[in-house]
Amino acid sequence: MIWDASALHRLLRWAEQTPTPEGLRPGFRNRPRPKLVARRRTTVAPTSAPASADSETVRLAATTLLWTLTSSNRFLRDRATKALVQLLLGHPRVLSGLIDTFLGRDAAEVDDPYLFERLTLVAYGVLARLGEPPEQVRGLAEQMLAYVYGDVDAAAHASRNALLCDAAGRIVAMGREVGVISNEEADRTRHPHACPEVGQPHAEADEETLFPWRDLPANASWRTLHASLGGLGDFARYETSHAVGHFSLLPLATARPRHVWERRDDAPILDPSGIPDFTQSLPTAAQPALGTCQAVQALLAKDGLARSILDDEQHSLLQACRKAAPPDERLADARVDPEWAARWILSRVATLGWSPERFGEFDSFRSRGNGSRSSHKAERIGKKYQWMALHELIERLANNHHMRAGSVHDPDSYPGAARLSLLDVDPTLPPATHPFESTSNRDDTVHTTFRPTTASEFWVPPGALLPAQEELAVWIAESTPPDLTALATRHDPVDGRTWVVLDEFVSDDQDERRGSGGRAEQWHLIQSWTVPEAQHPATMRYLHTHPLTGRWMPQPSERHSLYLAQFPTSPSSWNDPEPSELAVENRAVIEDSEARDEAAHDVQPPALDGELDKLLALYLPPIPETDREDHAGKEAGRDLVEAWRERRRARGQHQLLKLAHAWKSGPVDYEDGAERLLSQTSNALPRDRATGPGGKPVAATPASQNYSWDGQGHDCSIDESVHVVMPSDTLLRASGLRQDPDGGCWYDSAGYMQAQYRTFHRPNGKVHTLLVEERWLTARLDRLQLALIQGIIGELQTVDDDPDLALREWKEFSQIASLKADGTRKTRASISRIRRPS
């Protein structure tokens with residue numbers, strides 16, 4: 001760890017606290033309007049607030065911090081990454097000079113991909129937080145093309161590290177977006193680009209000889225790497241297997257065959273030589289009907305049916321009756337073997353320079369000192385080498401192998417490090433606060449990246465009036481729930497502007513009143529959706545009879561593996577939801593709980609004809625009467641898993657005989673009948689879908705979206721997760737708004753704030769709210785021909801540490817409102833009811 005008394009720690013703190021230059025803040029040009037205050041830091045500081053430093057001071061400080069990027073200590077490396085971004089925001093020439101030195105002139109001497117990837121990520125973070133200034137983007141993009149996508153043998157070439165390639169590619173893509181880099185230049189970053197072949201690792205049989213680890217001292221043993229990369233090792237299971245599993249064994253030099261889902265309906269080609277063995281594995285009575293070529297082909301075509309009636313050995317023999325697929329199809333369907341990948345990484349770690357003689361004792365000490373499986377920790381030096389080897393393997397696979405596309409949603413080409421969940425720190429977030437003294441009873445808010453507001457402001461709704469313990473029942477029965485008429489908008493008395501609430505969560509409880517009778521809690525959630533203007537009346541009519549409780553409306557997207565500065569995202573199938581996900585539909589509303597249960601479980605199938613009767617016997621066969629007592633006795637005296645397996649085997653044999661009887665004159669195609677029967681016997685309640693003009697389904701797009709970055713993952717620059725709610729891509733795209741580099745606020749080109757995400761913690765509650773300026777919003781609605789729907793749900797309830805002691809009833813409420821582009825607002829009456837456990 002870094003102690004606060006060290007010079008390095010003081011330097012790190014100084015860089016983290018460097019204020020963002022005011023001229024780079026989007027609200028700076030508009031003095032009359034309220035703007036964000038200067039970046040807050042902890043109330044305890046080792047020095048006075050840092051002043052703006054001259055370029056030479058920044059260069060020397062940044063050079064020192066850059067060398068810490070080679071460390072395996074994630075706390076140091078990740079905090080230094082964000083500190084460098086903060087320090088270099090106002091010093092583009094210093095940043096450019098550092099890239100010339102470390103990625104260009106001295107790259108061969110530095111020769112550390114850990115530093116190369118993070119320096120490039122720092123450059124991206126600076127550009128992203130500054131809003132992509134064209135001149136600075138041009139210079140950095142040209143440097144990336146020269147150093148990272150130039151000589152393939154260079155130490156800092158993209159082929160050596162997937163994260164280096166990802167960060168450099170983002171910078172070049174910025175250049176293309178702002179028009180300072182041509183399409184031809186940007187295409188140099190696309191995969192495949194120049195890259196060595198994947199190569200082969202050592203043979204498994206040679207591993208013990210090359211990397212001995214048994215009964216050896218730490219300075220001669222590879223034990224720590226074996227423990228991490230072996231079959232049960234965390235790195236092999238959770239990092240390597242997931243990352244390489246996205247790639248197939250098919251080389252890019254070979255044309256991709258049809259995708260696996262495009263071949264599923266192809267008739268299987270039989271290999272008759274395997275049929276006798278399969279037939280012999282069947283019960284004697286089933287062999288004549290199921291051992292024919294036609295029956296075997298039908299079973300191969302219906303693999304789901306085959307798996308349900310055959311045991312593992314029979315199913316394997318059935319598959320042996322299928323003629324092998326062409327080599328290209330087999331390679332395209334097969335994923336890279338994670339055990340092979342682990343051996344590749346181990347070989348590469350050795351080549352990169354890790355050895356027991358150099359690092360064995362240190363890494364063994366680190367392993368003994370921290371047995372945690374958490375990824376939020378400082379790491380061994382060997383783990384650093386493992387990450388470098390894994391990221392190099394991913395880059396080589398991306399440039400030499402097709403992706404493994406198991407479904408229509410999987411990408412055909414390499415989608416980047418984010419889709420493989422390789423991103424480990426968000427450089428577009430400002431540095432988080434880090435108290436100097438860590439205590440067990442710490443205030444979590446001092447660890448946050450965006451600290452809550454310390455004083456109640458115009459946007460904070462009134463706190464709930466919570467009752468005394470003896471008045472809880474009366475409070476739930478008689479209290480009036482919060483009204484959307486008052487909560488849908490907030491008025492700023494300072495500048496007279498009105499703000500519309502797009503998303504809000506408010507919770508108040510009597511946290512200090514703990515006791516056997518429970519304590520009162522009131523919460524509400526406001527969400528909003530945009531709908532096509534023509535569908536607005538139909539949507540309001542539908543929602544008037546369908547309370548929002550249960551959160552069945554389309555929910556805001558939870559975006560993962562995206563940097564904060566990437567919002568709004570570019571239109572794509574990956575970023576935008578499918579139309580079916582936006583449908584306004586709900587299960588049929590049945591108020592009475594007994595009637596609802598009866599409706600769910602009393603769905604009777606229609607009378608079945610002979611063929612469907614056979615089908616029912618196949619899908620839902622009873623255990624023979626003579627076997628039931630025997631089965632019950634066995635289950636009572638043996639392991640449940642084994643009992644389940646035996647019951648499954650018995651049922652499979654029973655099904656086999658039923659199928660043989662049904663197919664005695666040849667295979668029967670009953671797929672349509674199966675679908676019809678299963679749909680008729682489903683316990684699901686019918687769905688009720690809203691429709692607009694012409695019967696077209698109503699689509700409601702959430703007007704907000706969520707950004708989250710895990711505070712307990714690999715990113716050790718933060719100790720608390722970061723959560724920001726912002727307007728949806730629909731509202732933000734092409735709006736001209738720019739996010740403040742230090743907070744969750746968005747400004748227009750004139751410097752006026754138009755959207756803000758705020759949090760406030762009061763003694764007995766918390767407030768999280770997203771607001772947009774009303775005139776800006778109605779202008780966006782008018783341009784996009786949309787209307788806004790707002791909805792509120794919430795509860796008045798009692799909570800207790802022991803749920804059995806809480807009052808067993810609560811009040812839930814729901815209400816909707818709408819806002820049209822012309823400013824017309826309508827609010828429906830609130831719907832509330834007392835609920836009790838069913």
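Predicted model: local features only at pLDDT ≥ 70, side-chain atom pairs only at ≥ 80, totals over all residues.
1. Packing of α12 and α21. Two packed helices are described by the angle between their axes and the distance between the axes. For helix α12 (residues 234–244) and helix α21 (residues 381–400), the angle is about 15° and the axes lie 10 Å apart. Helix α12 is therefore roughly parallel to α21, since angles under 35 degrees count as such. The crossing of the two helices is right-handed.

2. Residues at this contact. Helix α12 contributes F235, E239, T240, A243 and V244. From α21 come K383, Q386, W387, L390, L393, I394 and L397. By class, the residues of the contact between α12 and α21 comprise 8 nonpolar, 2 polar and 2 charged.

3. Cysteines. The structure contains 0 disulfides. C293 accordingly takes part in no disulfide, and the nearest cysteine sulfur, that of C321, is 8.9 Å away; a disulfide would require the two sulfur atoms to be within 2.5 Å.

4. Accessibility of two cysteines. C293 counts as partly exposed because its relative accessibility is 40%, between the limits of 20% for buried and 50% for exposed. C716 has a relative accessible area of 1% and is therefore buried.

5. Helix α1. In helix α1 (residues 7–16), the buried residues are H9, L11, L12, R13, A15 and E16. The elements that cover these buried residues include α2 (55–67) and α3 (74–88).

Key:
Residues numbered from 1 in each chain as written. Heavy atoms only, no water. Axes fitted to C-alpha atoms, helices over the stretch in contact; angles between N-to-C directions. Helix = DSSP H or I, 4+ residues; strand = E, 2+ residues; numbered from the N terminus. Parallel < 35°, antiparallel > 145°, perpendicular 65-115°, else oblique. Left-handed = near helix turned anticlockwise from the far one by under 90°. Contact = heavy atoms within 4.5 Å. Nonpolar A, V, L, I, M, F, W, Y, C, P; charged D, E, K, R; others polar. Buried < 20%, exposed > 50% of the residue type's maximum accessible area, 1.4 Å probe, protein only.
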